[in-house]
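Subject: Structure for you to look at

Dear colleague,

Please find the structure below, with the sequence. My notes on it follow.

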Amino acid sequence: MGNDPGRPDLITVNAMSWIYLFLAGLLEIIWASFMKQSAGFTRLVPSLITAVALIDSFVLLALAMRTLPLGTAYTVWTGIGAVGAFLVGIWIFGEPVNAARLIAAGLIVAGLLLMKLSSR
């Protein structure tokens, strides 16, 4: 792959997959947050933002899965979305913060890091 002119090497492809996956996770946070604001899809603009972010998130996840293992990609994608939505819930929607919720989020982050390290 690396010696063929015009084709990216494996390191570049793998790095791009992780970038796609990270962006897909950020879009998951966006669609989940706007789904909350859509009030059960009764508000047009938040509903449209939800739909567009959801589709884009899935497309980027699919691109990442071209080279990343299914278990790794899906776990990292959902983890970014879960922790990100948890933080948005606290900062934007005023959801409660307590030790148990913080520990749970920390365990998810630890799991994401271990999943990333184990996928080499």
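The structure holds 1 salt bridge, a term used here for a side-chain nitrogen of Lys or Arg within 4 Å of a carboxyl oxygen of Asp or Glu. The partners are Glu95 and Arg101, whose closest N and O atoms are 3.9 Å apart. Glu95 is partly exposed at 29% relative accessibility, and Arg101 is partly exposed at 26%. (Buried is under 20% relative accessible area, exposed is over 50%, and partly exposed is in between, with a 1.4 Å probe and protein chains only.)

Before the rest, the basis of these values. This is a predicted model, in which local features need pLDDT of at least 70 and side-chain atom pairs count only at pLDDT 80 or more, while totals for chains, interfaces and linings use all residues. Residues are numbered from 1 along each chain as its sequence is written, and side-chain values use heavy atoms, with hydrogens and water left out.

Overall layout

The protein chain has 4 helices and 0 strands, in the order α-α-α-α from the N terminus. Helices (H or I, at least four residues) and strands (E, at least two) are DSSP runs, numbered from the N terminus. Of the 120 residues in the chain, 30% are buried. Among contacts (heavy atoms within 4.5 Å) with a separation of 6 or more, 63% are between residues 24 or more positions apart.

Helix H4 covers residues 99-118, which is 20 residues. From first C-alpha to last it reaches 28 Å, close to the 28 Å expected at 1.5 Å a residue; the expected span is 1.5 Å times one less than the number of residues. At the start of H4, a side-chain oxygen of Asn98 comes to within 3.2 Å of the backbone nitrogen of Ala100.

Aromatic cluster

There are 2 aromatic pairs. Rings of Phe, Tyr and Trp (its six-membered ring) pair if their centres lie within 6.5 Å; planes under 30 degrees apart count as stacked, over 60 as edge-to-face and the rest as tilted. Phe58 and Trp77 are edge-to-face, at 5.4 Å centre to centre and 65° between the planes. Phe58 is in helix H2 (residues 44-64) and Trp77 in helix H3 (residues 70-91), so this pair ties together parts 19 residues apart in sequence. Tyr74 and Trp77 have ring centres 5.6 Å apart and planes at 45°, so that pair is tilted. Both of these residues lie in H3, 3 residues apart, about one turn of the helix. The ring pairs link Phe58, Tyr74 and Trp77 into a cluster. Trp77 is buried, with a relative accessible area of 4%, whereas Phe58 is partly exposed at 44% and Tyr74 is partly exposed at 44%.

Glu28 sits in helix H1 (residues 10-37). Glu28 is buried yet has no salt bridge, and the nearest side chain of opposite charge, Arg101, is 15 Å away. For charge, Lys and Arg count as positive and Asp and Glu as negative; His and the chain ends are not counted.

Leu60 is in helix H2 and is buried at 16% relative accessibility. Leaving aside neighbours within four places in sequence, Leu60 is in contact with Tyr20, Leu23, Ala24 and Leu27. The C-alpha atoms of Leu60 and Ala24 are separated by 5.3 Å, with the two residues 36 apart along the chain.

Regards

Methods: Polar contact = N/O pair within 3.5 Å; in protein donor to acceptor, adjacent residues only side chain to side chain.
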